[in-house]
Amino acid sequence: MSICRTALSLLAHPDDAEFLCAGTLALLHEQGWNIHIATMTPGDCGSATLAPAEISAVRRAEGAQAAALIAATFHCLELGDGNIWHDRDTLRRVVGLLREVRPTLLLTHSPSCYLFDHEATSLLARQGAFWSSVPNYQAPGNALPLATIPHLYYADPMEGKDILGVPVLPTGVVDVTSQMATKRAMLRCHASQREWLHRQHGLDSYVQYMETMAQLRGQLVGCNFGEGFRQHLGHAYPQNNLLASELGACFHPCPTNSTSSPTPGRAGLGPEATDGRGEPPVAFRPQTTPEP
Ligand SMILES: [Zn+2]
C-alpha cells in the first residue's frame, strides 16, 4: 500500500535542520517526498548587533532560502528563543501545523539536548504527533485531524551527548554522503550565523562543525557522512521503521541501541568532536553563541 510521502522536520531554530537532518530530507526529496521544514522560533536571539525583529526577518528569509534548495516549504511557529514552553497554547500551535502539513514522517530534536528549547520542542513534537490524530482535540485552523500518528524520529542531540554528558547513540544512521553538497549549501544559507561566528572567532567553524558531526556519525556505520536517528516506539505510535524501508541501502541500523558507549569519545560526538584545538566546536560554545 502506498503512503502519503510528506516529511516534516520540527526543530527549535533556523539552521537546526541543516545540522541535524538536512541530508536525510534531501535524500527523501530525491525520492519524491514532499518536504517541510518548521522552526519554533525565527531565531530572534541569534545576533549581537541586530534587534530581535531585524534578525528574525533575516533568519526567516535564510530558512526559506535553505529550504528552497530541496523544494521544501519553510514554516515558523513564531515563538521566541528561550521561550519555547511545553504548554497548552504551544501544543495547539504544533497540532495546527501538523494537521496543515499532514506528515507521514516527523523528525525532531533528541529528548535530551544541551538547550531546553530543543528539549521542549522534542516533547511538543511527540505530544503533537499523538493529539493531531484525535478528532476532539482543538487546534487552530480548519484542517482535519490526521488519520494516523506520524512516524516519529529523534535526531542526534547536539555534540551527540545528553545533558549529563553521556553519549547518545543512534539506533540507525542515514548515509548522507551523496547529499553533503546540498547539506553544506543549505547551512551556508544561514549567513547571519556563519558571518557572526566568523567575525567572533576568525574561522569558519560553522560548516566545519556540521561536517565533524556527520563524519563521526558516518564512522559508526562505515560511511563518510551520516545523520543519526532514534525512532519513538511508544504505545500507539507507528512501530515499523519507515526511514529504513524508504531509504533502503542508505539506512544503516547501528550495531547497538544502547544509550551509552563504552568508548564515548569515539562512538559519540564526545571529546573528539573538536575543532582541532582540543576545545568544543566554536559554534556550540554557549558563552559565545546564544543559539545557532
Ligand atoms: Zn537550536
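Helices here are DSSP runs of H or I with at least four residues, strands are runs of E with at least two, and both are numbered from the N terminus. Contact means that two C-beta atoms, placed from the backbone, lie within 7 Å.

Before you go on, know that this is a predicted model: local features need pLDDT of at least 70, side-chain atom pairs count only at pLDDT 80 or more, and totals for chains, interfaces and linings use all residues. Residue numbers run from 1 along each chain as its sequence is written.

How many strands does it have, and in what order? It is an open sheet of 8 strands, ordered β3-β2-β1-β4-β5-β7-β6-β8, with mixed pairing. Two strands pair if DSSP finds at least two bridges between them. Strands of a sheet pair through backbone hydrogen bonds, either parallel or antiparallel. At the edges you'll find β3 (73–76) and β8, each pairing on one side only.

Zoom in on β6, residues 172–175. Gly 172 and Val 174 point one way, Val 173 and Asp 175 point the other, and all of them are buried. On one side, β6 runs antiparallel to β7 (residues 226–231), joined by 4 bridges; look for Val 173 opposite Gly 228. β6 also pairs with β8 (residues 251–253), again antiparallel, over 3 bridges, and there Gly 172 stands opposite Pro 253.

Now show the largest nonpolar core, a set of 67 residues. Such a core is made of buried Ala, Val, Leu, Ile, Met, Phe, Trp, Tyr and Cys residues joined through C-beta atoms within 7 Å. Leu 25, Ile 35, Leu 106 and Val 174 touch the most other members. The element that gives the most to this core is α8, with 7 residues. Click on Ile 35: leaving aside neighbours within four places in sequence, its contacts are Ala 7, Leu 25, Leu 28, His 29, Ile 70, Ala 71 and Ala 72.

Asn 83 counts as partly exposed because it has 13 C-beta neighbours inside 10 Å.

Last stop: residues 257–292, where pLDDT stays under 50. That score is the predictor's confidence in each residue, from 0 to 100. Where it is low, the predicted coordinates should not be read in detail. The chain as a whole averages a pLDDT of 87, and 84% of the residues score at least 70.

Terms used:
Buried ≥ 20, exposed ≤ 12 C-beta atoms within 10 Å, placed from the backbone.
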